[in-house]
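I opened the model to look up its salt bridges, its pocket and a few surface and backbone details. My entries follow.

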Amino acid sequence: MKFRKLVISLVAIAVLYVFLYFENNCITISEHIVSSTKIPLEFDGFKIIHISDLHSKVFGKNNEILINKIKNENPDIVVITGDLIDRRRYDEEKSMTLINGLKNEIPIYYVNGNHEGWSGKFDSLEKKLINAGVVVLRNESLEIKKCSSDVTIIGIDDPAFNAIQNTKENILRDIIRKELSSSIEKHDKNFKILLTHRPENFDIYTEYNIDLSLAGHAHGGQVRIPFIGGVIAPNQGYFPKYSEGIHEKGNSFMIVSRGLGNSLVPQRIWNRPELVSIILKVK
């Protein structure tokens, strides 16, 4: 009887190990189509791969599994919405394997997250990213051109760069409003893509007429309950409204990545690492 219980226990542990391995190491690709009358004809079919919250995780030797998945999607650009590193296990080199595997083939646009801000070491990482040809957007915007048309891409710093930990939410929101005000005034008529780490401020992004916001930070709710959704997310609490997927408000869309890595909580449950594929379509 004791032997039988031991065998059952070992089998259960093995099954749990396999389940958790796949939940934390098998990358899914989620696809979204965003349609708008503001998208120029030349950008019809334009593909964006959205990455968030890598937290220095490595998928395969030198991140080759992740790199190959991205390349196989044949995107026009890659965007990274923060937490490329983890402040608790700070390792720039692991994160840079992803950048170095993509930099010669696909344009990369990047904004920072709260872990970059809290690490106190972002100057070093930023220099490496810029030297690798990554467009680091810090409360600024620029135009992406195709033929005679363009769309605007905007990137804002995470509020962690301008506030201490546990700052009240209303102060963080004021920081984001200030950053957006200084970033978008020159491109009011263009289709605007915002790169931001935090999804909980979707209402602010719509105030500034952002057409498409791309965010992360929520880690998909860390644990996802089937038919219910994510359990908990920073700055949103339990059962967060914006933990993954596409959201719409008026003429504005926001797509939230579940992210790729882990931080304080080391395991994902029913919440596999995610790449987000976005295709722009003329409406």
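Is Asp-158 buried or exposed? I found Asp-158 to be buried, at 1% relative accessibility; buried means under 20% relative accessible area, exposed over 50%, and partly exposed in between, with a 1.4 Å probe and protein chains only.

Ground rules. I worked on a predicted model, where local features need pLDDT of at least 70 and side-chain atom pairs count only at pLDDT 80 or more, while totals for chains, interfaces and linings use all residues. Residues are numbered from 1 along each chain as its sequence is written, and side-chain values use heavy atoms, with hydrogens and water left out.

Salt bridges. I searched the whole structure and got 19 salt bridges, each being a side-chain nitrogen of Lys or Arg within 4 Å of a carboxyl oxygen of Asp or Glu.

I returned to Asp-158, which pairs with Arg-198 at 2.7 Å between the closest N and O atoms. Asp-158 sits in the loop between β7 (149-155) and α6 (169-181) and Arg-198 in the loop between β8 (192-195) and α7 (202-207), so the bridge ties together parts 40 residues apart in sequence. I took helices (H or I, at least four residues) and strands (E, at least two) as DSSP runs, numbered from the N terminus. Arg-198 is buried too, with a relative accessible area of 4%.

I also noted that salt bridges with shared partners join Arg-224, Glu-244, Arg-258 and Glu-274 into one network.

Next I looked up Lys-47 and Glu-73, whose side chains form a salt bridge of 3.3 Å, N to O. This pair links distant parts of the chain, 26 residues apart: Lys-47 is in strand β2 (residues 47-51) and Glu-73 in the loop between α2 (64-72) and β3 (77-81). Lys-47 is buried at 17%, and Glu-73 is buried at 15%.

For Glu-126 and Arg-138 I read a salt bridge of 3.4 Å, N to O. Glu-126 belongs to helix α5 (residues 122-131) and Arg-138 to the loop between β5 (135-136) and β6 (140-146), twelve residues apart. Glu-126 is buried at 14%, whereas Arg-138 is partly exposed at 26%.

I put the space in the largest pocket at about 600 Å³. A pocket is an open set of points on a 1 Å grid over the protein atoms alone, where a 1.4 Å probe fits, with protein on both sides within 12 Å along at least five of seven lines; lining residues have an atom within 4 Å of a point. The volume is the space filled by probe spheres set on the points, which are joined across faces, edges and corners. Of the 28 lining residues, the closest to the centre are Asn-114, His-115, Trp-118, His-217 and Pro-234. The largest share of the lining, three residues, comes from α4.

Surface patch. I found about 750 Å² of nonpolar patch made by Ile-225, Phe-227, Ile-228, Ile-232, Tyr-238 and Phe-239. Patch residues have over 30% relative accessible area and no salt bridge, and nonpolar side chains (Val, Leu, Ile, Met, Phe, Trp, Tyr) are joined within 5 Å. Areas come from the Shrake-Rupley method with a 1.4 Å probe. Tyr-238 is in strand β13 (residues 237-238) and is exposed at 62%.

Backbone. Asn-62, not a glycine, has a positive phi of about 55 degrees and lies in the loop between β2 and α2. Asp-83, also not a glycine, has a positive phi of about 55 degrees. I placed Asp-83 in the loop between β3 and α3 (92-102), buried at 2%.

Technical notes
Patches are made of residues with over 30% relative accessible area and no salt bridge: like charges are joined within 9 Å, nonpolar side chains (Val, Leu, Ile, Met, Phe, Trp, Tyr) within 5 Å.
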